[in-house]
Amino acid sequence: MLLNEHYLKLYDRFAEGKGSGIPIEVTLEDLAAALFCTVRNAKLILRRLVEEQLVEWLPGRGRGNYSQITFHAGKEDFLFNLSVSLAQNGEYKQAFELLSEYGNGTHAKEQFMTWLNGHFGYKKEEGTEGLPASDSLIFPVLHPPRTLDPAEANYAFDSHLQHQIFDRLLSFDEQLGRIVPGIAHHWKSDNNATQWTFYLRKGIRFHHGQELTSKDIVFTFERLRMDTQNQWILREVAEMISLGPRVVRILLRKPNRIFDRFMCSVGASILPFGLAGQEETQFWTQPIGTGPFKVVSYSNHRMKLAAHIDYHHGRPYLDEVDIVIMPEDCDPESIGYPAVLHTWGKFIQEERDMPTNDWETTEKLRQACTMLTWNLNRGGPQQSEAFRRAVRMIVHPGEMIAELGGARILPAFGFRPDESRTLVIDPLRPERVRSALKEAGYDGTALQISVIDKYKEDAEWIRKRLEDWGIQAEICNYKIWEDADCTISSIILAEDEVCEIETYENRSSVLRKYLDKERMGWITERIDDALGAEQVETRRIVLREIEQHLRDEASVIFLHHRQLNTFLHPFVRGISLNALGWIDFKDVWLETYD
């Protein structure tokens, strides 16, 4: 790689404007100066360039006769081919850095981005020399998964990947609107909903070939009950008993009539007993599950998944999924090529382009909401309910949507878009804002709003609105969110009631970190009441009561719900966006006409 950079440096210094194939007079001292090295090192580099047939060197003979160097490869083609080679090896960061440093005056960057757009997507390769045909999917993401450990899951992308790698005792079928068998083919509870028994399928195998038994279930749940982010799933578990190789009984201290829904949560994904004999750190470099895809390789710049051919629900059609983790500082949007970065959750084009007639548009209102949450464990103006109410009125969701547009399409009154649709937002009433600010006695203290890049536009809009009312605010990096005054985030209800409960109980969730002990104690009591309720309507009333309380006291300011749009090639089949805003890889197949 370093030799290629030497070639580009020398080309820029001596062949710019002249081109390749033309002898150029130069001295060894000139080469050393261009490479910022000694003449001796310049000779060594020159020898290697000649050996690689990148340049031709004709030494000068006698005093006053210059040596001549001839560059064999044109800069544009050389840079383009080098960038492609790096990208194919997963070195996307280096490819972008080279293009930025040496691409001026060429079309190498444009050519590379065109190639990159074609590089991502669905690939169908015919078998050759006895090898079978293969179907693969390759796509880019800007941020790597934070963890592949389901016990620590708290982000949509992480959860999506964990859904592909692991299975759970049960699954919630979004299309059918009910729980369906998973690893367990049957389950039951007693009348009090404190004793749950699960009957496991025969012949379910982990990716390394070992058959799953009740021993794996008990091990996974004992591990989950330890100091993990998702220990809330088993908060009231008193005992877990293996009644045989394929029967597990779980005893609860309190009734939970939707414990089977808890077993659908990604946090309850099943791991092999003893992590298949590996240490924790080693296991998570290439985790083993029973899901439709197994991890083939995992590094800082890419993850490769391959079909689990013994998957108990049927082998996936795709043979391989290649997830490319783009460097954060190489965001294609920031360098003017937004079309490259298309994830299944949100194509960048959704806010810019219209699909052609040959492409199908899949639209779905995301079961989630974007919201501003106050840190009530930190001193500051937000400790005043009057101040929080004033900000809630100032940050008018209807006006935010009207001014910012894009995928923001519905003002949020709570977590669920279906309920928000039934309500009408009040117009801004300046006299009520002034009254609330007066009651709060706001002293001009600046607020810290912590956000990830995704919500910077929302945060900047909020900052300006607050400034219009004399409230100072500054936007801070998301890395300090636990110590900020407030943050903007999204909550996704992938499993409806259970995800709403997780929003309060996951140890790393915003609400869990920001709400004080008194509020969290009350919320936990109400959740227990909801779990013990026999009727769905009763549970919904209790959970809605929690949500209403947070909204009324403005501990949470609900902002908007977003629309998901995905542009799909007509040959692609099996596509539907799941509740996490992604496509289940196991359902994807390609239709071609021979």
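Q: Where is Ala268 found?
A: Ala268 sits in the loop between helix H9 (259-262) and helix H10 (280-283). Helices here are DSSP runs of H or I with at least four residues, while strands are runs of E with at least two, both numbered from the N terminus. A friendly note before going on: this is a predicted model, where local features need pLDDT of at least 70 and side-chain atom pairs count only at pLDDT 80 or more, while totals for chains, interfaces and linings use all residues. Residues are numbered from 1 along each chain as its sequence is written, and side-chain values use heavy atoms, with hydrogens and water left out.

Q: Why does Ala268 count as buried?
A: Buried means under 20% relative accessible area, exposed means over 50%, and partly exposed lies in between (1.4 Å probe, protein chains only). Ala268 has 0% relative accessibility, so Ala268 counts as buried. In the protein, 51% of the 594 residues count as buried.

Q: What makes a residue a contact of Ala268?
A: The test is heavy atoms within 4.5 Å. Beyond its neighbours within four places in sequence, Ala268 is in contact with Arg168, Phe221, Leu224, Ile233, Phe262 and Met263. Leu169 is 99 residues from Ala268 along the chain, with 7.9 Å between their C-alpha atoms.

Q: What makes a set of residues a nonpolar core, and which members of the largest one touch the most others?
A: A nonpolar core is a set of buried Ala, Val, Leu, Ile, Met, Phe, Trp, Tyr and Cys residues joined through side-chain atoms within 4.5 Å. The largest has 104 residues, and Leu169, Phe221, Phe259, Phe262, Met263 and Ile462 touch the most other members.

Q: How do you know where this core lies?
A: Domain 3 (135-340) and domain 4 (363-563) both give residues to this core, so it lies between them. The domain bounds come from an automatic or database domain assignment. A second, separate core of 45 residues includes Phe14, Leu31, Leu49 and Leu98.

Q: Why do E8 and E9 count as paired strands?
A: Two strands pair if DSSP finds at least two bridges between them. Strand E8 (residues 184-189) and strand E9 (residues 195-200) are joined by five bridges and run antiparallel, so they meet that rule.

Q: How many bridges join E9 to E11?
A: Five bridges join E9 to strand E11 (residues 247-252), and the two run antiparallel. Trp196 stands opposite Ile250 in E11.

Q: Why are E1 and E2 said to stand at the edges of their sheet?
A: The sheet is an open one of three strands in the order E1-E3-E2, with antiparallel pairing. Strand E1 (24-26) and strand E2 (55-58) each have a single partner strand, so one side of each is left without a neighbour in the sheet. From one strand to the next, the twist averages 30°.

Q: Which helices lie on E2 and E3, and at what angles?
A: Helix H1 (residues 2-15) lies across E1, E2 and E3, running at about 115° to E3. Helix H3 (residues 39-51) touches E2 and E3, and its direction makes about 120° with that of E2. Axes are lines fitted to C-alpha atoms, for helices over the stretch in contact, and angles run from 0 to 180 degrees between N-to-C directions.
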